[in-house]
Amino acid sequence: MNKTVTIVLAVVLMVIVMTISVILFFTGAAAREKWEFQEVWTAYFPEAESMKIIDLTGDKVRDVFLQSQSEVAILDARGQKIWSGTCQSPATTMGDFNGDGTDDFVVIYQPSGESVTATAYTGQGQELWTRALPNFGDPSRAISVDFQGDKVREMVAGDMNGHLVCLSSQGEVLWEYDLPNPTSMADAYVRGLDDVSLAGTMAVAAANYAGQVVLLDGQGQPLWGPEGLPERLRRLRAYDLDGDGNSEVIIGGERGSVWALDGNDGQRLWSQAIGQRVQEIRDVEIDGDPATTEIAVGGKAGTLVVYNHQGQRLIIASPGGKVNEISTVDLDDDGRDEILAGNNEGKLVIYDHQGYSIQSKDFTGGITRLDAGKLSDEDQFVVAAGGKVSLLQMELAKAPFWYNTLVAGFIACLAIAAGAWAIT
């Protein structure tokens, strides 16, 4: 081969290689960083049905509240059990019920041979009050709501018969309400319950499994509804999607429909369908605009979909299994959440704001609960799976400084130059 042609070809190849190397280096397409799971601690707790990272002891350090079908417990930041109590099939909620600025919790269950009872405790397990609820059936849901705006919470609970009761912060019965009786009593139980903000005034949205939704004010009077949905209800959440100070009520259906209802009048703002039963709905922030809120929807057939506040689909991913749990954590502090999705097969997948999987981990047993928040460090989250509760955090593993595409391109150019020299 002609010497000049060989040199020209070598130079062209080196230019192409270095151009690609520079593009990959500055776009981050060949990143030198990788997120890795680090286990902080693991504690035994079977089949958690409710879990929240929250400061219940008032020491400015968050704890982990846990509830199963037979136990309620509080773990400290090191995973040590600091309080527990046994009860069958309870419903629980948290909030400040005594006005001391620290959250307390309420347990609703039926002691053997007695009527259903609601008992409020401090985080140290000290009883604040107890109230027998003779008109109340087996509990299904409970939330705390500050109806009065006095920074002290009232409590609203729903039972398996579609009955609602509201207790004051001292445990007095304020009002009761019955959702309409559906055709089948198997559909009567309170499936959805969440607090709704209407320009600073609080209300509560409630729905039975049949899909009958109502919004009640602080006196238990309907503001709108009961509205019937065309399919059974799987999830009800309330988030202020557009940042106007009023919550939208988000509904997920048995056949995969997702509706956003106006919190003021119950009118449908938008609807979508994910093509499978809705398993979970959570709020996320992935578009970089904190003035609006996006929602992530998990499905029975393993799909994760994120919609913006107008109902437009932003990302779709496939964690697999049944997507039972969704949570968020901002790993890189860019103002956009990474999304944690856990399924019934024990798989946890973390997605970036574009829907790309950045890491995954398998657990023994299905994931029943996820929650994120700082315990002993930043970017931590708790996973309940397979009879255990684990605190995890993500660590950013970085390759050596010389491990990048520029160095690789330079080495490739040296090889090209050496080959060209050998030929000529």
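**Salt bridges, strands and selected residues**

Arg 237 and Glu 280 are both buried, a class that covers residues under 20% relative accessible area, with exposed residues over 50% and partly exposed ones in between (1.4 Å probe, protein chains only). The side chains of Arg 237 and Glu 280 form a salt bridge, with an N to O distance of 2.7 Å; the term stands for a side-chain nitrogen of Lys or Arg within 4 Å of a carboxyl oxygen of Asp or Glu. Distant parts of the chain are linked by this pair, since Arg 237 belongs to strand S18 (residues 233-239) and Glu 280 to strand S22 (residues 278-284), 43 residues apart. Helices (H or I, at least four residues) and strands (E, at least two) are DSSP runs, numbered from the N terminus.

The model is predicted, and local features need pLDDT of at least 70, side-chain atom pairs count only at pLDDT 80 or more, while totals for chains, interfaces and linings use all residues. Residues are numbered from 1 along each chain as its sequence is written, and side-chain values use heavy atoms, with hydrogens and water left out.

Side chains of opposite charge can pair when their charged atoms come close. Across the whole structure, the search returns ten salt bridges. One of them joins Glu 378 to Lys 374, at 3.6 Å from N to O. Glu 378 is partly exposed at 47% relative accessibility, and Lys 374 is likewise partly exposed, at 41%. Another salt bridge connects Arg 78 with Asp 76, whose closest N and O atoms lie 3.3 Å apart. Here the two partners fall into separate classes: Arg 78 is exposed, with a relative accessible area of 62%, whereas Asp 76 is buried, at 12%.

An open sheet is built from four strands in the order S2-S3-S4-S5, with antiparallel pairing. Strand S2 (50-54) and strand S5 (81-86) stand at the edges and each has a single partner strand, so one side of each lacks a neighbour in the sheet. On average, neighbouring strands of this sheet are turned by 10 degrees against each other, direction ignored; axes are lines fitted to C-alpha atoms, for helices over the stretch in contact, and angles run from 0 to 180 degrees between N-to-C directions. Within the sheet, strand S4 (residues 71-75) pairs with S5 in the antiparallel sense through five bridges, and Val 72 has Gly 85 in S5 as its bridge partner.

Strand S24 (residues 304-307) sends Leu 304 and Val 306 one way and Val 305 and Tyr 307 the other way, and all are buried. On the S23 side, four bridges hold strand S23 (residues 294-299) and S24 in an antiparallel arrangement, with Val 306 in S24 as the bridge partner of Ala 296. These two strands make a hairpin with four residues between them, and Gly 302 in the turn has a positive phi of about 95 degrees. S24 also pairs in the antiparallel sense with strand S25 (residues 313-317), again over four bridges. Tyr 307 has Arg 313 in S25 as its bridge partner. S24 and S25 likewise form a hairpin, here with five residues between them, and Gly 311 in the turn shows a positive phi of about 90 degrees.

Ser 144 belongs to strand S10 (residues 139-145) and is buried, with a relative accessible area of 8%. Its side chain reaches the backbone oxygen of Met 94 at 2.5 Å, a polar contact (a pair of N or O atoms within 3.5 Å; within protein, one must be able to donate a hydrogen and the other to accept it, and residues adjacent in sequence count only if both atoms are side-chain atoms). Not counting residues up to four places away in sequence, Ser 144 touches Thr 93, Met 94, Gly 95, Phe 97, Arg 153, Glu 154 and Met 155, where contact means heavy atoms within 4.5 Å.

Val 17 lies in helix H1 (residues 3-27) and is partly exposed, at 23% relative accessible area. Leaving aside neighbours within four places in sequence, Val 17 contacts Gly 409, Ala 412, Cys 413 and Ile 416.

Note on methods:
Pairing = 2+ DSSP bridges.
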